[in-house]
Amino acid sequence: MAAGSAPAVLRCVKALWAFVGSGKALLDLAEKESRRGTPQEFIRQKIRIEEKHSLLGLIDAAAALYSGCAALQDALQDFEQLEVQWDDFLQRLDQELQLSAEILDRDLQSKHISPELPLIDARTGAIVTLDKYLQRSEKTLLVLIRQFSCLLCRLHVRDLRKNQDLLEERSVRVVVVSFGCQDGASHWLQDTNCQYEMLLDPSREMYAAFGLGASLKKVLQFGTMLLYAEYVADKMRFPRGVPSIQDDMFQLGGDFVVDQHGRVLFSHRCQSPLDRPSVERILSAL
């Protein structure tokens, strides 16, 4: 922040407080006066431009706010312009790198996933097929995570665990899926203390079948970065990746409920790292 900008910021803060104070006072007065007669009388007599203390007085209060924040209006315009330039740059990189972000914006995911899909048990390293985890009496919620150090993926799995009773009531079984290596999965399982079964899809066949692509823009877009900043401001700790384990921070994840035959009953492709469906939304779709 430039040295001369501090007084401008203070003036704007004071102007904002003054505006809020004036607005509350006008509203309180209007509520009292509206009870003294009929609504029609109140509207006819008390909402007039000549009445400085009527609801129309908010115009003058707002004009004072704009005058007090004139120096910051230019900064706000620059802020908005930065957002456009930031996201346009990431969009160009997506196109130049030929990432598969575009499939996230179209309905290309399969309505059925093969029970014979080859996978790896993250805990044992054994080669398995998906049908081993598709139960006749239960639906299976496949939670496809992003990189192992994705904070929002961890929070989502934690939220599922907190709502385990609701999931069990609807016969929904959770299985976590990653495209990463077994060493990374072992570290993730230990770090999160996750009790769910975990499968590895190193070739990303399941990710592709569900239409999940990779994108710099969707992961690093301006609005998402600001939301991450809120977590930092709240002193939340972000997981750190293991240097020896390669990962892909630009892969998007998703949540999919399938029946015993692999038929997709619920589909949610994340449009950003923060875009995860709630337990209530998942269950309401079943």
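Select Ser178 first, and then show Ile145, Phe148, Met198, Leu199, Leu200, Asp201 and Tyr207, all of which Ser178 touches once residues up to four places away in sequence are left aside; contact here means heavy atoms within 4.5 Å. The model is a predicted one, in which local features need pLDDT of at least 70 and side-chain atom pairs count only at pLDDT 80 or more, while totals for chains, interfaces and linings use all residues. Residues are numbered from 1 along each chain as its sequence is written, and side-chain values use heavy atoms, with hydrogens and water left out.

Ser178 belongs to strand 4 (residues 172-178), where helices (H or I, at least four residues) and strands (E, at least two) are DSSP runs numbered from the N terminus. Ser178 is buried, because its relative accessible area is 1%; buried means under 20%, exposed over 50%, and partly exposed in between, with a 1.4 Å probe and protein chains only.

Next, select helix 7 (residues 182-192) and colour Gly184, Ala185, Trp188 and Leu189, which are buried. These residues lie on the same side of helix 7, because they cover an arc of only 135 degrees around the axis, the arc being that of the directions from the helix axis to the C-beta atoms. What do the buried residues of helix 7 pack against? Show helix 5 (151-162), strand 4 and strand 5 (197-200), which are their packing partners. Turning to the other side of helix 7, one finds Asp183 and Gln190 exposed.

The next stops concern backbone angles. Most residues other than glycine have a negative phi. Asn193, which follows helix 7, has a positive phi near 55 degrees. Continue to Arg204, which is not a glycine and has a positive phi near 60 degrees; Arg204 sits in the loop between strand 5 and helix 8 (205-209) and is partly exposed, with a relative accessible area of 26%. Then select Lys235, again not a glycine, with a positive phi of about 65 degrees. Lys235 is in the loop between helix 10 (222-233) and strand 6 (254-258), and counts as exposed because its relative accessible area is 74%.

Finally, go to Ile47, in the loop between helix 2 (39-46) and helix 3 (58-68), which is partly exposed at a relative accessible area of 31%.
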